[in-house]
Amino acid sequence: NNNNRCRTVYAFAREMYPKTVKGDIAYGTAGFRTRAIDLDYVMYRMGLLAVLRARVKRAVIGVMITASHNPEPDNGVKLVDPMGEMLEQSWEKWATKIANVTDDKLEHVINDIIKECGIENMNDRPEIVVGKDTRPSSPSLAKAVIDGVLAMGGKPIDYGIVTTPQLHYFVVCKNTHRAYGEPTEEGYYRKLITAFKKVRGNEFNNGNYTNSIMYDGANGVGAKKVKYLKEGLAGSLNIAMYNDEIIGSGKLNYLCGADFVKSQQKFPTGLPQTPNLRCCSVDGDADRLVYYYLDENKKFHLMDGDKIATLIAGYLKEILEKTGLKLNLGLVQTAYANGASTDYITKELKVPVACVATGVKHLHHKAVEYDIGVYFEANGHGTVVFKQSAKDKIKNTYQTNNLSPEQKDATLRLINIIDIINETVGDAISDMLLVETILHDKGWDIRQWEAAYTDLPNKLLKVTVQDRTVVTTTDAERKCVTPKGLQEEIDRIVSKYPKGRCFVRPSGTEDVLRVYTEAATKEECDKLGIEVAKVVYDLAGGIGNPPLV
Ligand code: G16
């Protein structure tokens, strides 16, 4: 029987999804990501792998087709593990092997997986939940995944166009037998909207907080999906939508969206430039969120993932104090976190901070060590995770009779806030509702939020090189190991700049090296960035135009 099953797999692979690309593809920060035209066979094979993974875990596995913040001609695939995490790291080696093996060796790799993972029953039909973003290439790539799932004997459940975090949510709902929520889009919206409305109550405005927001959907799935939310929230939060051209407009992430706003530190196209209005942007698959506004002088002010993280961590700390519950709270960041934010969290908020490598998979992993773990990348990708024991404690405490009215109130607030949060992965829509809840409760406008601390000027540059793997790093990507001499040069340059900080790492989603710099003034920060980028260009094999001096 196994042999029959696998014969279909190989015939399909040869006939319909032959490996057309000679070079290897690497499993990066968020799965495989490259030009969409090079991905057909990779998708088919990820369909196969998802079924094998589901058999090993005896659970539902998710496959999301998206290239998130990348330009429209790119695409990619992320595998979602049973509890909503990104594919376990020990399986990335299988993903890489199965994606890169030649057609005639596919059989061997599959046999190796079956053997090494001890898969005995190849005849069950595990469910594989499949979702895609709005890219024009996504439907045919989704078909390739589904064909892979069917060939391996799995049962594909096609959710069509959904956000990445929605797909993670569906996987967890299914694997918890609906304890986490209904595994439908309606169930997702209902859960978030109900919790949001409960916390907000009937006072829609409070102090300096007003309940209107301008929302940039990046011309992607985040625009399509927020429409349902907007209707459900009618009145309690007014969302004015912009950049909601969807499929095939070529405008996905173009001059708009969270990645553009954060990395260019600019107001996006398509939104009215009204001063002092609270605006937010999501990215191409709606798992990142940043806030910003223009002041009276049209100066741009950004509230990035660090500002969101500190707002949330500070607020949860206050609420916890009000409840009297003893739960440990921690925050996880990456090297991209602004130095001022880390100072503020440790010194002012007195919340412990951990630093890990880029990629939500690393942050999530670390955050689950705390009773309540807040994690955010500076680019706006993050969420909050609660240990089951912490949730039980909060709920059980609420049932006891010895709470003061303040304690009871704060505990109930916390219970509802947990339901606003999509704990499975960073979720721009749920994060937005959480930020709005906190600002509303505090009665803050966006300037009051901004005032918590002042970011050190920072810059993110890209350097294109022949082969980005020549750069390897250590210490949560804060130091380069290779090429030889690069780190010494970086240290030498950085030492000339007050409050200077810099690191260089290969991107896991684009074919570039990233250069991050921070310094006391904007001019110095820009200068530092260019100086380092030049050295990187020279020592790491730069191609194309050298960075401008
Ligand atoms: C992905 C990852 C993020 C990461 C970003 C950039 O985001 O999920 O964790 O920060 O790529 O990664 P890199 O610098 O390695 O290219 P997204 O939103 O594109 O999926």
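Is His 177 buried or exposed? With 8 C-beta neighbours inside 10 Å, His 177 counts as exposed; the class requires 12 or fewer other C-beta atoms within 10 Å, whereas a buried residue has 20 or more, a partly exposed one lies in between, and C-beta atoms are placed from the backbone. The model is predicted, with local features requiring pLDDT of at least 70 and side-chain atom pairs pLDDT 80 or more, while totals for chains, interfaces and linings use all residues. Residues are numbered from 1 along each chain as its sequence is written.

His 177 is not a glycine, yet has a positive phi of about 50°. This residue sits in the loop between helix H6 (164–175) and helix H7 (185–200). Helices (H or I, at least four residues) and strands (E, at least two) are DSSP runs numbered from the N terminus. A positive phi, near 60°, is also found at Ala 218, a residue other than glycine. The loop that holds Ala 218 runs between strand E6 (212–216) and helix H8 (221–233). Ala 218 is buried, with 34 other C-beta atoms within 10 Å.

A cis peptide bond joins Thr 482 to Pro 483, with omega near -5°. Pro 483 belongs to the loop between strand E17 (479–482) and helix H17 (486–494).

An unreviewed UniProt entry annotates residues 184–290 and 304–444 as "domain: Phosphoacetylglucosamine mutase AMG1"; positions follow the numbering used here, feature names are shortened, and annotations may be inferred rather than shown by experiment. Residues 184–290 are 35% helix and 15% strand, with end C-alpha atoms 26 Å apart. For residues 304–444, the content is 57% helix and 14% strand, and the end C-alpha atoms lie 17 Å apart.
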